[in-house]
Amino acid sequence: MLAAYAVHVTQSRGRRFPEARHPYRNDFQRDRDRVIHARAFRRLEAKTQVFTRRYSDHFRNRLTHTLEVSQVSRTIAGALDLNVDLAEALALVHDIGHPPFGHAGEKALDAAMREHGLFFDHNLHALRIVEDFEQRYAAFRGLNLTFEVREGIIKHSRDYDEKEHPELAEYLLNQRPPLEAQLIDLTDEIAYNTADLDDGYEAHLLSLEQIREGVPLFERFFGEVAQTYPDAPDKLKFNETLKRVLNLFVDDLIRNTQRRVTGARVQSVDEVRSHPERLAGFSPEVEAERRRNKEFLYENLYFSPSLADEKDDAERIIRDLFTFWMTHPESLPRSYREKAEEESLARVICDYIAGMTDPFIFEQHEKYCG
Ligand code: MG
C-alpha cells in the first residue's frame, strides 16, 4: 500500500519512446534493472569513493557506496509508504555520473572545462549517460528511462535554475521533486557519513579517541555500548556504536519526514511538488549532529595530509590528459573524434575522461603522458 503522496507507477509521465508493458515488472522496476545492466554502473566498481585500493581492498568504492545508499533508501521509502522501486532506481543511479578519483577528479575536470568557458556537473553528466551514451537498444539511444527517474537524477541533490539551464525545462525546475527523489541526497549523506568514519578508522587515519572527541553523537552511543559490552574489543565497540549512529539518522529521517508531510497536509505527489520547500529532512537537532559529523570528516579525513598526494596525482593526471587531447585530438578513439565534429572538443574530452575508471585513466596517462 503506497501513501497518497507517493509516486504511483501507473501515474508515471512515461518514457520518451513508448514501450509495451512488461508482463511482470512495472516501469520503475524495469528502470532499476536497466541501471544495473548499464556499462556506466559496472564501472562504478573501479572508481574511488574516498580511499584508493592502496589502503585496502575492502573499503568502499563508488559501487559498494551506491549499494549502501540503495539499501538505506529502500528501508526509508518502505517505512514512509513511498514507492520503493522508484527510490531504489534513483539510489542506484545517483552516482553514475561521477568521474574517476572521487571528489578530486570532479574538481579537476571542472577546472579543466572552465578554461574553455564550460563546466562539469555530475548530475548533468549522469543524465547524458542514461539519455545518450548507453547504447543497448536498437530502437533508441540511451536507456529510455521514465520521466520520474530522469527528473530524480537532476533534482535529487540540488535545484537548477531554468534561466541557466533551459535544456532542462521539461523537468519542472520550479517545482520540488517527489519525496522518493528528495530522500536520496539525505540517504547518501547517512551512508557516507557513517561509512567514511568506518573506513577512516580501519585505515588508521582516524583514531577512536579522535572520533569520540570530535563527534558528540558517536561519543554518546559509545558510552552506552561500553557499558553493555565492557570486555568487547575496541573494533567491535566501534561497530556497535556506528550501527547506532546510522540507525538514529535513519529513524530521525523517517519520523521527521512523516511529521512534516502530515503537518503540510500533502495528499498527492502534485502537492509535494508544489509545496514551497522540500519536505524530506532531519529534525533540527539531528541535522545539527549530521553537520557536526560531516565537518569532522572534512577536517580530519577528506583534507588529511595522508590523502593529499593521491589528490594531487588525480588532479595532475586529469589536467595532463585533458591538455594532451586538446592538442592531439587525433589520439582520441574514433567515436569521440566523430563526436567532436558536432560538439566542442573540450566537451567530448570531458565526457571521455568522466566515464573512465581509475585504472583505465592511469593506463591512458602512462601511454600518452608517461
Ligand atoms: Mg553518493
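Predicted model: local features only at pLDDT ≥ 70, side-chain atom pairs only at ≥ 80, totals over all residues.
Residues are numbered from 1 along each chain as its sequence is written, and side-chain values use heavy atoms, with hydrogens and water left out.

H10 spans residues 216–228 and H11 spans residues 234–264. Helices here are DSSP runs (H or I, at least four residues), numbered from the N terminus. The two pack at about 125°, and their axes lie 9 Å apart. Axes are lines fitted to C-alpha atoms over the stretch in contact, and angles run from 0 to 180 degrees between N-to-C directions. The crossing of H10 past H11 is right-handed; that is, the near helix is turned clockwise from the far one by less than a right angle.

Which residues of H10 meet H11? They are Leu217, Phe218, Phe221, Phe222, Glu224, Val225 and Ala226. On the H11 side stand Lys237, Phe238, Glu240, Thr241, Leu242, Arg244, Val245, Leu248 and Phe249. Contact means heavy atoms within 4.5 Å. By class, this contact has eleven nonpolar, one polar and four charged residues. Nonpolar means Ala, Val, Leu, Ile, Met, Phe, Trp, Tyr, Cys and Pro; charged means Asp, Glu, Lys and Arg; the others, Gly among them, are polar.

Now turn to H4 and H8. H4 covers residues 84–93 and packs against H8 at about 40°, with the axes 9 Å apart. H4 and H8 are therefore oblique to each other. H4 passes H8 in a right-handed crossing. Leu86, Ala87, Leu90 and Ala91 of H4 touch Glu180, Ala181 and Ile184 of H8. That contact holds six nonpolar, no polar and one charged residues.

Next comes the metal site. The magnesium ion has His65 (NE2), His94 (NE2), Asp95 (OD) and Asp188 (OD) as protein donors, 2.2 to 2.4 Å away. Donors are N, O and S atoms within 2.8 Å of the metal (3.2 Å for Na, K and Ca); water is not among the atoms, so sites may look incomplete. Along the chain, the donors follow the spacing H-x28-H-D-x92-D. His94 is buried at 3% relative accessibility, and Asp95 is buried with a relative accessible area of 3%. Buried means under 20% relative accessible area, with a 1.4 Å probe and protein chains only.

Finally, look at His165. It lies in the loop between helix H7 (147–155) and helix H8 (179–202). Is His165 buried or exposed? His165 is buried, with a relative accessible area of 7%. Leaving aside neighbours within four places in sequence, His165 contacts Phe119, Leu124, Tyr160 and Leu173.

Technical notes. Buried < 20%, exposed > 50% of the residue type's maximum accessible area, 1.4 Å probe, protein only. Parallel < 35°, antiparallel > 145°, perpendicular 65-115°, else oblique.
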